[in-house]
Amino acid sequence: MTCYFLQADYDALLERIEDLREKIKDRYKTVVESAEQSSETWHDNYEHEEGQRQIAMLGQRLESLVAVVNAAEMVTPEVGDQVDIGARVTTEDVESGELRTYAICGFMCLTGAEDAISYTSPIAKSLMGAKVGEIREITTGPTTRSLRIMKIE
């Protein structure tokens with residue numbers, strides 16, 4: 001499966017991976033130190049056991065993020081006449097008239113934009129390819145609503 005990314009989110013993903021690697025190194029140091037302090041009773045050593053548990057947990061997270069990097073493909077956003085990755089789309093709820101803007105990001109939204117949603121989310125999947133004026137049915141959980149595309153930028 002290809003994971004599409006905007007460059008800023010990809011760079012943030014690489015930073016997270018490096019942070020995880022540093023955390024794992026730190027936990028290894030703690031495990032080694034705790035084993036040296038009580039080498040003959042390591043099985044009763046809470047710090048040692050907790051450090052190993054954390055290393056395993058962080059290692060699994062690292063492995064999953066590296067798999068995402070290996071499946072990543074960069075997308076260059078192009079503002080066009082339809083909703084796509086990198087677009088900011090303003091919608092109007094047909095029933096309530098509520099306006100809402102979404103920034104469609106890549107596989108993972110890591111840059112902290114408040115209105116960012118991944119292209120894999122149910123809302124973004126329903127909006128992808130829509131043009132201004134179109135109405136799309138969006139189902140999230142038990143709720144279905146109709147959104148009119150008001151603006152794409």
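Visitor: Which residues does T91 touch, not counting residues up to four places away in sequence?

Guide: T91 touches E98, L99, R100, Y102, L127, L147, R148, I149 and M150. Contact here means heavy atoms within 4.5 Å. This is a predicted model, where local features need pLDDT of at least 70, side-chain atom pairs count only at pLDDT 80 or more, and totals for chains, interfaces and linings use all residues. Residues are numbered from 1 along each chain as its sequence is written, and side-chain values use heavy atoms, with hydrogens and water left out.

Visitor: Where does T91 lie?

Guide: T91 is part of strand β3, residues 88-93. Helices (H or I, at least four residues) and strands (E, at least two) are DSSP runs, numbered from the N terminus.

Visitor: Does T91 count as buried or exposed?

Guide: T91 counts as buried because its relative accessibility is 1%. Buried means under 20% relative accessible area, exposed over 50%, and partly exposed in between, with a 1.4 Å probe and protein chains only.

Visitor: Moving on, where is I85?

Guide: I85 sits in the loop between β2 (72-74) and β3. With 8% relative accessibility, I85 is buried.

Visitor: And what does I85 touch?

Guide: Leaving out residues up to four places away in sequence, I85 is in contact with Y4, L6, V75, P77, I104, C105, G106, Y119 and M128.

Visitor: How many residues apart in sequence are I85 and F5?

Guide: They are 80 residues apart in sequence, while their C-alpha atoms are 8.5 Å apart in space.

Visitor: New topic. How many salt bridges are there?

Guide: The count comes to seven. A salt bridge is a side-chain nitrogen of Lys or Arg within 4 Å of a carboxyl oxygen of Asp or Glu.

Visitor: Which residue forms a salt bridge with E50?

Guide: R53 does, and the closest N and O atoms are 2.6 Å apart. E50 and R53 are three residues apart in helix α2 (residues 46-70), so about one helical turn separates them. E50 is buried at 17% relative accessible area, whereas R53 is partly exposed at 45%.

Visitor: Which side chain meets E134 in a salt bridge?

Guide: The side chain of R136 does, at 3.2 Å from N to O. E134 has 29% relative accessibility, so it counts as partly exposed.
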